[in-house]
Each structure stands twice: as structure tokens, then as C-alpha cells.
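Here is a short walk through the structure. Take it chain by chain.

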Amino acid sequence: MLQYIVKRLFLTLPTLLLVSVIVFSLIRLVPGDPAQVLLGEDADKASIAAMHEELGLNRPLPVQYVHWLSQVMRGNLGNSISTGEEVSQLIATRFQVSAVVALTAVSLATLIAICAGLVAAWRRNTPLDFAVVSAASLVLSVPSFWLGLILLLVFGLRFGWFPVVGYIPFSESAEQWVLYLVLPILTLTIVESGVLTRMMRSSSLDVLKLEYVTHARAKGLSEFSVLSRHVFPNAFAPTMTLVGLTLGQLLGGIAVIETVFTLPGLGRLMVDGILARDYPVVQGCLLFTGLAYVVINLAVDLCYPLFDPRVAANR
Amino acid sequence: MSDPTKLLTVNRLRIATVPQHGVPRVLLEDLSFGVAPKEFLAIVGESGSGKTLASRAIMDLLPPGVARVSGDILLDGRELTKLTPLELRKVRGAQVGMVFQEPMASLNPAMKVGRQLAEGLKLHRNLAPEEIRALSLAMLKRVQIRDPERCLKSYPHEFSGGMRQRIMLASILLLKPKLLIADEPTTALDTLNQRDVLELMVELARDSGVATLLITHDLGLVSRYAERVVVLEKGKLVETGTTKQVLTQPAHSYTKRLIDSRPARALDKHQPAEDAPVILEIEKACISYEGRANWLGKAVPHKIVHDVDLTLRIGQIVALVGASGSGKTTLGRAVMGLKELSSGAIRFDGKSLASLTKQESKRYRAEAQLIFQDPFSSLDPRMRVGDIVAAPLRRLPGSAAEHRQRTSEVLAEVGLPEYEMRYPHEMSGGQRQRVAIARAIISRPRLVVADEPVSALDMTIQAQVLKLLQKLQREYGFACLFITHDLSVVEQIADEVAVMSGGRIVEQGATDEVLYRPQHEYTRALLAATPRLAGAAD
Amino acid sequence: MRVGRWHLRWSALLGCVLVGLLLLTIVIGLFWMPFNPIAIDLDNTLAHPSARHWLGSDEFGRDELSRAMLGARISVFIAAEATMFVILMGTTVGVLTGFLRGWFDRIVMMVNDALLALPGILMALGLIAVLGPGRESIILALTLAYLPPVVRVVRSAVMSVREREFIDASTVAGDGALYTMFRHVLPNILPPILILGTSVFGWVVLSESALSFLGVGVPPPAPSWGNMLSSARPYMENAIYLSIVPGLCIAVTLLGVNLFGDAMRDWFDPRKDS
């Protein structure tokens with residue numbers, strides 16, 4: 001088992017390295033003087049010259065990369081062109097908002113998916129299954145930003161239960177904070193539960209065909225025991241991988257939710273950065289997202305043996 | 001109506017499919033039989049006979065899409081078909097236990113063995129955890145698991161197929177059922193394991209006074225263990241009676257056919273000339289596989305075949321026998337150039353395979369062909385039979401018309417005339433294997449390697465295909481390396497046999513010599529484990 | 001009560017109908033639209049749906065229905081191009097790596113995994129940041145963004161086909177690697193590729209509308225359902241229909257594509273649900 005953990009950790013390093021290379025190249029691909037690109041159009045000659053020095057633009061590219069990487073590893077991601085704030089600081093604050101919404105929504109969606117998927121597979125080809133599959137298909141097809149808008153219209157404008165614009169952080173008022181987050185979390189939960197339910201149902205169907213399930217029934221176990229103890233652990237593994245991927249996708253996709261509900265999150269930060277040509281911010285967001293994605297998938301991989309012990313075996 | 005002397009009575013059981021629309025298909029018709037307490041009854045049939053469905057119907061474990069249409073099932077006088085689900089659950093496990101076929105899928109991979117063993121006990125009996133543990137350990141010892149303590153804490157994937165079946169047996173017999181239903185419990189195991197596990201099962205059943213219902217296709221097992229037998233063909237009962245009677249004096253033609261299809265010692269084997277030229281020479285061949293890389297990225301090579309010497313002459317059939325993992329398939333693949341030797345040489349017609357030029361390689365492909373094991377995987381599902389069979393001719397000289405002619409010729413020879421336009425999925429396993437054979441002989445090869453060509457087929461089909469192979473070999477005169485795990489097949493068709501174990505050849509020689517005067521202990525064990533028909537020469 | 005097959009038939013039918021409707025709308029839109037989609041009409045701004053403007057008009061008086069029709073064409077064409085590129089490139093790479101394995105496979109997959117770490121929309125956003133907005137950028141960005149998952153799926157399909165014995169049979173018959181890949185591997189991975197194609201198409205439509213919604217996609221005045229939705233936001237209270245129409249179009253399109261993909265999956269592997 002230890003070998004499995006260590007191996008997994010080792011494997012993330014080349015990925016992270018490659019991600020940094022990709023991000024580095026991406027920023028360098030922007031046409032124009034890299035120093036100017038990073039400082040913005042209004043920068044004065046002196047700052048540009050200083051930046052030239054700092055970036056070592058007269059040095060060969062690999063050297064520049066190493067220098068850049070060492071800065072990044074120290075947490076120095078530069079400063080935002082628009083606001084002058086430190087990029088790392090910006091990311092830290094914004095990420096909290098996105099993380100709360102994303103994690104809560106995905107957790108709720110997973111719970112829904114497990115129950116709905118298992119039951120639908122168990123009662124395959126019955127009206128219940130039909131209802132679940134149809135609901136999942138419908139939900140899959142609805143774009144999250146549209147659903148958010150509709151919910152905002154109905155519950156925010158028409159009924160006035162929830163605020164329509166803005167955000168209040170937890171530190172200021174816990175109650176208000178919750179109110180601002182209900183609709184975005186609800187939107188995301190609905191949207192993500194579609195794909196997760198389908199996955200859970202599909203892998204449950206596969207497991208239900210396997211012999212050890214019939215064996216469990218042949219022992220006289222109740223259907224509930226069979227489903228919870230024998231079907232669920234084995235069927236959940238692929239869904240868990242999907243949950244990890246979904247969380248990873250949300251690191252970017254949440255930008256639309258944040259736009260609809262005007263939340264100061266990471267996704268919105270990146271989009272604003274692009275629109276404003278704020279390259280330090282864009283670079284920082286990309287790097288952070290890549291790191292977060294790798295970490296999330298690492299976590300999923302480490303939890304996988306809990307549900308499928310076979311992967312950790314040293315064969 | 002129940003026969004009071006019987007433990008289990010099945011009355012006119014009828015099972016059919018439950019389609020969404022259209023007419024239901026009857027899978028089992030009016031099956032009636034009984035099992036007395038402590039009796040050993042075998043239900044014999046090939047695929048499609050309905051034997052598995054019959055066994056599943058007893059405890060209402062039929063797969064979705066299939067249902068019991070009519071008939072009663074009585075256990076100890078109780079009508080099982082009229083029980084509520086709750087009552088039926090009490091019967092399952094405690095009164096009737098079931099062993100399944102696939103050892104790899106029979107245990108929940110996500111749950112420790114100890115827990116799985118305890119599950120049934122916790123459900124049906126009121127025992128303290130220590131008692132459960134003690135009973136589990138005792139039972140594991142009984143099924144000859146070496147380290148029962150560790151076994152309880154381990155996961156199923158840590159055990160081999162044979163051990164998993166034993167654990168299954170343990171898990172079921174812990175509950176002390178009155179009836180044990182075993183559905184092809186050893187089919188997926190190799191010969192030696194088969195014998196051990198089955199013997200164990202019979203012993204345990206006898207000791208605990210458990211009646212056994214064995215579902216199988218293997219008449220050898222029937223003759224060895226069963227007291228009475230029921231023969232099913234395509235969903236209908238064709239014959240029943242005591243084993244001795246049915247097997248020595250079969251009344252129904254199907255039973256006769258089944259018995260005849262058991263490979264038997266051929267008394268008129270065509271003997272190839274002693275001085276026929278050597279066509280294939282394997283000398284000190286070693287093959288390794290790249291082992292699994294550990295976390296440093298280093299892969300330790302793992303030897304599969306050690307120092308094998310083997311010779312084949314034109315017209316000879318040499319059998320290569322061994323259990324799975326013995327290296328026989330790997331060796332066969334190396335002969336075909338699908339796997340490289342790590343040392344040693346394979347020489348075809350005097351020339352080493354490793355040193356063939358491109359031109360010579362092409363010739364080799366025409367001269368040496370391979371018949372694969374799995375008829376469902378060796379034919380490209382997207383190609384028509386005609387194209388599949390003609391594939392080896394592609395690189396050979398000759399016009400398209402000539403190739404077409406040859407293709408229909410060869411299809412006629414294997415008994416599939418005019419089959420060129422069909423697709424594999426329209427054909428049965430036996431037919432597909434004939435296509436594979438046609439493909440192998442179309443280029444008139446001098447060497448044919450047959451890798452378990454009949455293992456995946458039903459008994460009666462096996463017999464047909466083997467006969468076909470023998471006939472073709474006689475006509476074409478090619479040398480044949482016949483890879484198999486089944487000694488009775490060897491007896492029927494091979495001139496010489498080489499026994500492999502752990503990557504080495506432990507014994508080789510003329511078939512009669514090796515089979516009747518075995519020298520090596522592995523050969524002896526293999527022979528002892530191969531069930532024969534009662535009454536056949538032993 | 002068994003409704004399985006009935007449900008499958010109905011959903012497949014619905015999928016085909018919706019996809020058909022979409023194509024019909026686009027084809028009609030090539031020849032006729034009620035109004036010029038970008039023609040400004042300041043006398044008729046924010047008109048509610050009426051006999052004149054069937055779906056109403058936006059803040060510039062532009063006819064919503066015409067814009068929706070043009071938007072359909074724009075989004076679908078972008079999606080079709082991107083999907084085609086992704087499938088072609090992804091299949092080539094996937095087949096080569098999955099079949100040939102070895103160091104080539106390892107290097108490509110390492111790069112692929114690193115690219116996967118930057119999820120779809122983010123990659124697209126990053127690429128658009130570099131390339132600047134515009135139709136070509138969107139197509140390029142989305143193609144590159146969805147290439148890694150496609151390579152993954154194709155590669156795994158190839159690897160499982162490779163295990164089947166008829167591939168070995170092809171080698172034994174004397175066929176070279178290239179021939180085997182073309183004649184045997186490719187036809188047998190066609191079903192998963194087609195299904196993947198419909199999935200990718202759906203993802204691209206969704207991503208493009210999300211990007212347009214965020215303001216980094218199709219640049220106005222060209223209508224995309226995404227940017228129509230975005231510009232409808234300030235008028236949520238008095239012109240609700242502006243918020244409903246574009247979103248409904250996206251949802252219906254995605255539903256049709258998804259159901260169609262499901263129908264294809266069932267057609268290729270009918271054993272699944274029976």
C-alpha cells in the first residue's frame with residue numbers, strides 16, 4: 001500500500017512540471033515584448049527595463065524558465081496589472097469563495113447520484129428507472145449559466161427570497177453569507193448530479209450482473225444489504241474518479257456561475273484577467289488550477305483503494 | 001405433490017424469457033426431478049441445455065429477463081415458489097447453498113474474506129463474534145487454506161482461483177445447508193486444481209450429510225462422483241437414472257452422442273514415417289516477460305519458458321500439455337514469431353527464425369499458421385468470412401480469381417460451403433472455429449500450431465472439430481504442434497506428447513509411453529486428475 | 001412493468017427529432033430569416049413576443065427569432081469544425097499510441113496527462129487569452145482543449161481491441177502494423193469514436209456558449225446563444241423572454257445531441273440494457 005502511495009506521488013511530479021512548462025510557453029506566446037506583456041501597456045520605460053533584467057530576457061529560454069519556476073515555487077506570481085495586488089494573494093482570497101461553492105455542490109450532487117443511480121439500476125426498466133434516467137438526461141442538457149439565471153429570476157427577483165447581486169463574506173455575516181450562496185450551490189448541484197447519476201447507474205448495472213452479487217443474495221441477504229455492502233463499494237469507484245474530474249473541470253467552469261451570481265471567485269478572476277489582458281493574473285490562475293487539479297486527482301487515486309483494494313496490490 | 005423420500009422435488013418446471021414485446025422463448029420445458037437427502041445428483045448438458053437456469057430457479061435467482069412460468073419446487077415438503085421474499089431469504093443460505101462457476105467473480109473484491117464468511121452466519125444464526133471467528137477459522141482449515149488467520153484479514157484478489165473456490169465452499173458450508181447446488185464449480189480451474197476442489201467438495205458434503213446437485217458438462221466428473229444423473233438437451237429432459245446405467249447403457253440418442261464425444265484412445269492412429277524430415281526444431285529456448293516495474297522504474301524480467309527442447313517432423317502431431325501458466329501458450333506464440341526468445345533458437349526447415357530476411361519471413365508466414373483458442377475473439381467481427389479466410393493469401397502470388405477459388409475450396413473442406421458472405425456473429429462457436437481452421441490451412445502450411453483449439457467448445461462440438469482437424473492433418477500432411485491442457489484429447493490425436501510445468505518440459509515421448517508409463521511425478525498427478533469414463537481403460 | 005425498451009425507443013426518437021429540428025432551422029436560416037439579425041431598429045426595442053416579432057426583440061430592436069436562427073448556425077458550424085478536427089487528430093494520435101505502445105506512447109501520454117490537468121474551459125480561456133478573440137481562436141482553442149480526453153478514450157479503445165486474437169491472427173497472416181491498424185483496428189473502434197464524436201459536439205456547443213456568455217467567445221454583433229444570454233441579463237425584469245429563448249435553444253440542442261448519442265450507443269451495443 002505504501003508503495004502505491006509513493007508511486008502515485010512520484011507520478012505527479014512530471015505532470016506538474018509539464019503543466020508549468022505549458023503555462024510558461026503560453027504566456028511567452030503572447031505577441032510582443034514579454035516584459036511589456038507582464039507590466040501592461042501603461043508601464044514606463046524604467047519598469048520595463050527592470051523587468052527585462054528580472055526575466056533575464058537576454059538569457060536562453062531554458063534559463064529563463066528555470067528562473068521563472070524558482071520564483072513561482074517561492075510563491076511569487078507577480079502583481080496584477082489592473083489592481084497592483086499580489087497575484088498569489090488575489091488567488092488565495094478568491095479561491096476560498098469558489099472552493100466553498102464547488103465542494104458543497106459536488107458533495108451534494110454525489111450523494112444524490114449515489115442514491116438515484118443505485119436505485120435506478122436496481123429497479124432497471126421500471127418507471128422509476130425511466131424517471132431517473134430522463135431527469136438525468138434533462139439536467140445534463142441544461143447549461144449551468146442558464147439554470148442559474150432562471151433560478152435567480154424565480155427565487156431572487158420574483159419571490160425575493162435570495163439576493164440577486166453581490167456577495168458578503170463569512171467573516172462579516174454568516175447568515176447573509178449563506179443566503180448569497182444558496183442559489184449558486186443549488187444550481188451547480190442540479191447540473192452536476194446529472195452526469196454523476198448516469199455514471200453511478202451505469203457502473204451499478206455492471207456490478208449487479210457479477211456473480212458475487214448473486215452469491216450474496218444466495219446467502220439470504222436482504223436487498224438493502226446486498227446493495228449497500230456489495231454493490232455500492234464496487235460501483236462507486238468509477239463514479240469517484242468522475243467526481244474528481246468534475247471538480248477539476250469546475251475549477252474553470254465555475255466562472256460562469258460566478259458571473260451569473262456575481263461572486264468574487266477564482267473563475268471570474270481569470271476571465272476578468274483575460275478581458276483586461278492582465279497576464280500575471282491569467283498565468284497565476286492557470287498554474288494554480290493545474291496544481292489544484294493534480295492534487296484533487298491524487299486525492300481520488302489515494303481514496304480509490306478504499307473501494308477497490310485491487311489497485312494497491314503489488315502484483 | 002412431493003415425494004416424502006426426497007429432499008428436493010422439482011415438478012414440471014418451465015422457464016421462459018420475458019421480452020418487452022414479441023413472443024417469449026421457452027428455455028426450459030417441463031423439467032421434473034428429485035434429490036434425496038445426502039444424495040449426489042448431476043445435471044448434465046451442453047450450453048443452451050437450460051441446466052444453469054434450472055439450478056438458479058430453485059432459489060429464485062434467475063437473471064433479469066428470464067422467469068419461471070410454471071411448475072413447483074418443493075424443499076422438505078415446503079413449496080418454495082409460494083414463499084414470501086422474506087421467508088425465501090431464510091431458506092437461502094441456511095437450507096440451500098450455491099457455489100458458482102467463476103472464482104474470479106465469486107467473491108466481493110472490496111470486502112475482506114473474514115467479513116464475507118461472517119455475513120451468512122450473522123444473518124442466519126445468533127452467534128457471538130468470537131464464535132463466528134472460531135467457526136470461520138475451523139472451516140478454512142477444513143478447506144485446506146494454509147494460513148486461516150491471515151486469510152480472514154485478506155482480500156479476495158490475494159488468492160488464486162482454486163483458493164477462492166475453497167473459500168466459497170467454506171462460506172457456504174459454514175451455514176450447514178441441507179442441499180448444495182454446485183454450478184460448474186471447477187470448470188474455470190486448471191486440471192489439478194479441479195480435482196482437488198471437487199474432491200474436497202464431495203468429502204465435505206459427505207461428512208456433513210449434505211445433498212449435492214452438480215451442474216456440469218463434463219461426463220468424466222459425473223461418472224466419478226454422481227449417484228444419479230439427469231441429461232438435458234436444449235431445455236428438455238432426455239434421460240435420467242443411475243449413473244452406471246445411463247453411462248453404460250444410454251437409452252437416448254443424445255446421451256449416446258454425448259458419451260461418444262468423449263475423446264477416446266484412438267486405436268488406428270496413423271503413424272508417420274520414422275525418418276520424416278524435421279520441420280521444426282526448438283533448442284534451449286528461453287522466454288522472459290518484462291516484469292512489473294517497481295517504483296524506481298526498474299523492470300525485473302520474469303522467465304516464462306526455461307531451456308525447452310522440442311522437435312517436430314513432417315506429418316507428426318506433437319501435443320504440448322500443461323496447466324495455465326506453464327508457458328505452453330507462450331512457447332506456441334514464439335514459434336509463430338509473436339514473441340521473441342530471450343535465448344536459444346527456433347529453427348524452421350533448418351533456418352533460425354531470428355535470422356530470417358524480410359523475404360524469408362514472408363515465406364514463413366505462408367508455411368506456418370496458427371489456430372487460436374477463442375472462436376469469439378480470433379475473427380474480426382467487421383469482416384466477412386471469405387475475407388477472413390483469404391487473409392493469409394494476400395501476400396502470396398496468384399490472381400484474385402485463384403484466391404477466390406481456393407477460399408471456397410477450403411470452406412467446403414471444413415464443412416462450411418458457400419459461407420463466404422457471412423459474418424462471424426451469425427455463426428456458432430463451432431462454426432467459427434472451423435473458419436479459423438480454414439484460415440490456417442488455406443496457404444497449405446507445413447506447420448500448424450493449434451493453441452487449445454477446442455477448449456472453448458461444447459463436448460459434442462469438440463468431438464466434431466477434433467475429427468475435422470485429424471482428417472485435414474492426414475490429407476495435408478502438415479506437422480502440428482497441439483497445445484492443450486486436456487490429456488484425453490492428447491490421447492486421441494497426438495503421436496508424441498511433451499508435458500510442461502513451470503516453463504520447463506518435464507517429460508516427453510510417444511503418447512502411449514508417457515500416458516501409460518509416466519515417469520515424472522507431475523505427469524502422474526496430471527493423469528490422476530483427469531477423470532475418465534467408468535469402464536474405459538485406466 | 002417493464003418500460004425499458006419503450007423508454008429507449010422514445011428517447012432515441014426524441015433525440016432524432018430534436019437534432020432534425022436543429023438542422024432544419026439552420027438550413028432554413030441559410031435562405032430566409034424573418035428579419036436581418038443584426039439590423040438595429042430603435043423604434044422597436046425590447047418588444048414582447050407578438051405577431052411581428054415572434055420571439056420578441058432585444059435592446060437594440062433586433063429580432064430575437066432571427067438572431068436565434070443565426071446563432072444556431074454559428075454555434076453548430078463552430079462545433080462541427082472543432083469536433084471534426086478533434087476527432088481526426090485525436091483518433092490518429094490515439095491509434096498510434098494505443099497500438100504501437102513503447103516510449104512513444106509513454107511520452108505522448110505524459111504530455112497528454114499534463115494537458116488534461118488544465119480543464120477544458122480553462123485551456124480554452126488560456127488559449128484565447130493568447131490568440132485574442134474571434135471565430136478561429138475559438139475553434140483552435142476548443143480543439144486543443146478537448147484533444148486530451150479524446151486521445152485518452154481512443155487509446156483505451158485501441159488497447160482493448162489490440163488484445164483480441166484477430167489482431168494476432170493478422171500478424172500471423174503476414175500483415176504489417178500500418179495495415180493492421182487500418183483494416184482491423186480502425187473499423188472496430190468506429191462505434192466508440194462515433195459516440196465520442198456526439199459527446200464532443202455537445203461539449204463544444206456548451207463550451208462555446210459559455211465562452212460567449214463570459215464575453216470571450218463569439219464577438220458581437222454576431223449572435224451566439226451565449227452572448228445573447230449575457231446581454232439579456234440587465235433586462236431580466238422587464239424582458240424575461242430574452243433570458244429564456246437563448247438558454248432554451250442551448251438546452252434543447254444539447255438534449256437532442258445527448259439523446260442521439262445515447263441512441264447510437266444502444267444501437268451499437270444493444271446487449272447493454274436488455
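In chain A, 46% of the 315 residues are buried (20 or more other C-beta atoms within 10 Å of the residue's own, with C-beta atoms placed from the backbone). This is a predicted model: local features need pLDDT of at least 70, side-chain atom pairs count only at pLDDT 80 or more, and totals for chains, interfaces and linings use all residues. Residues are numbered from 1 along each chain as its sequence is written, and chains are lettered from A and ligands numbered from 1 in the order in which they are written.

Chain A has 12 helices and 0 strands. Helices here are DSSP runs of H or I with at least four residues, strands are runs of E with at least two, and both are numbered from the N terminus. The C-alpha trace of chain A spans about 80 × 60 × 35 Å along its principal axes.

Now turn to chain C. Its contacts with chain A involve 40 residues of chain C and 42 residues of chain A; a contact means C-beta atoms, placed from the backbone, within 7 Å. On the chain C side, α9(C) gives the largest share, 9 residues.

Chain B holds a sheet. Its 4 strands form an open sheet in the order β12-β11-β14-β15, with antiparallel pairing; two strands pair if DSSP finds at least two bridges between them. β12 (302-313) and β15 (351-352) of chain B stand at the edges with a single partner strand each, so one side of each lacks a neighbour in the sheet. Strand β11 (residues 278-289) of chain B is joined to β12(B) by 8 bridges. One residue pair to find is I282(B) and its bridge partner in β12(B), L310(B).

How values were computed. Two residues are in contact if their C-beta atoms, placed from the backbone, lie within 7 Å. A residue is buried if 20 or more other C-beta atoms lie within 10 Å of its own, exposed if 12 or fewer, and partly exposed in between; C-beta atoms are placed from the backbone.
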